[in-house]
Amino acid sequence: REAAGEYSAPKGELVITAPLVSRRMHLLPVIADFLKLHPAIDIRLVQADGRLNLLEDRVDLALRIGALGDSSLIATRLGATRYVVCASPAYLKARGKPRTPRDLGAHDCITFAGVAAPESWSFPMGNRHSAVRVHSRLVVNTAEASIDAAIAGLGITRALSYQIADAIASGRLVTLLETFEPEPWPVHLVYAGGRLVPAKLRAFLDFAAPRLKAVLARGAGARAKTPRRAT
């Protein structure tokens with residue numbers, strides 16, 4: 001990289017990995033705008049549920065959602081995202097609004113699963129998490145499908161707050177059971193530590209970090225803050 005001049009000027013290939021659930025974080029539009037400004041940089045984006053090893057898989061940068069383990073990697077915190085329950089106003093008008101997680105048993109739910117329908121959702125109650133049985137009226141294998149189905153009024157689903165920020169802002173979805181939400185998940189950009197950071201990576205961090213922070217901030221403001229209730 002030093003011989004190729006990657007430490008002195010933003011150029012070369014930049015390999016980025018991100019989880020599949022990050023699709024609605026507007027990562028691709030950010031990458032597109034970045035590439036227009038840097039014609040000497042190429043980007044390879046790998047979206048996968050599994051976490052790649054940055055060193056072994058020769059990855060320059062990773063978008064990580066959730067707690068980070070101890071490592072020599074350097075992390076830039078972008079913000080946090082919440083795991084929320086939501087439904088359309090039309091569905092709630094027809095079926096009523098659940099007040100506690102146990103009320104979900106009387107509702108149609110849209111569940112997200114790879115193979116089989118999950119039979120329960122977990123919620124923090126007091127000092128522990130409790131599983132609540134739900135009726136999976138529709139089972140899908142992508143977050144986008146569950147959100148679209150909820151907007152269409154098919155039932156109640158769960159999603160990350162940034163994924164539904166636009167739908168909340170437009171009134172197509174409403175958040176539910178706010179006082180039973182789990183703790184927010186941190187979101188970071190992570191890269192390998194070292195004496196020097198390639199100019200292409202530094203350029204992308206400076207460009208992308210504030211834009212992704214804005215997306216997460218919009219998701220965090222998807223509803224008015226509600227004090228957590230002790231149960």
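Strands β3 (residues 61–65) and β12 (residues 185–192) run antiparallel and are joined by four bridges. Within this pair, Leu63 has Leu189 of β12 as its bridge partner. Strands (E, at least two residues) and helices (H or I, at least four) are DSSP runs numbered from the N terminus, and two strands pair if DSSP finds at least two bridges between them. The model is predicted: local features need pLDDT of at least 70, side-chain atom pairs count only at pLDDT 80 or more, and totals for chains, interfaces and linings use all residues. Residues are numbered from 1 along each chain as its sequence is written, and side-chain values use heavy atoms, with hydrogens and water left out.

The pair belongs to an open, mixed sheet of five strands in the order β2-β1-β3-β12-β4. Its edge strands, β2 (41–47) and β4 (73–81), each pair on one side only.

Helix α1 (residues 27–37) packs on the sheet and touches β1 (12–18), β2 and β3, contact meaning heavy atoms within 4.5 Å. The direction of α1 makes about 170° with that of β2; axes are lines fitted to C-alpha atoms, for helices over the stretch in contact, and angles run from 0 to 180 degrees between N-to-C directions. Helix α5 (residues 199–220) lies across β1, β2, β3, β4 and β12, at about 20° to β4.

Turning to the lining of the second largest pocket, β10 gives the most, with four residues. By class, this lining has eleven nonpolar, four polar and one charged residues, where Ala, Val, Leu, Ile, Met, Phe, Trp, Tyr, Cys and Pro count as nonpolar, Asp, Glu, Lys and Arg as charged, and the others, Gly among them, as polar.
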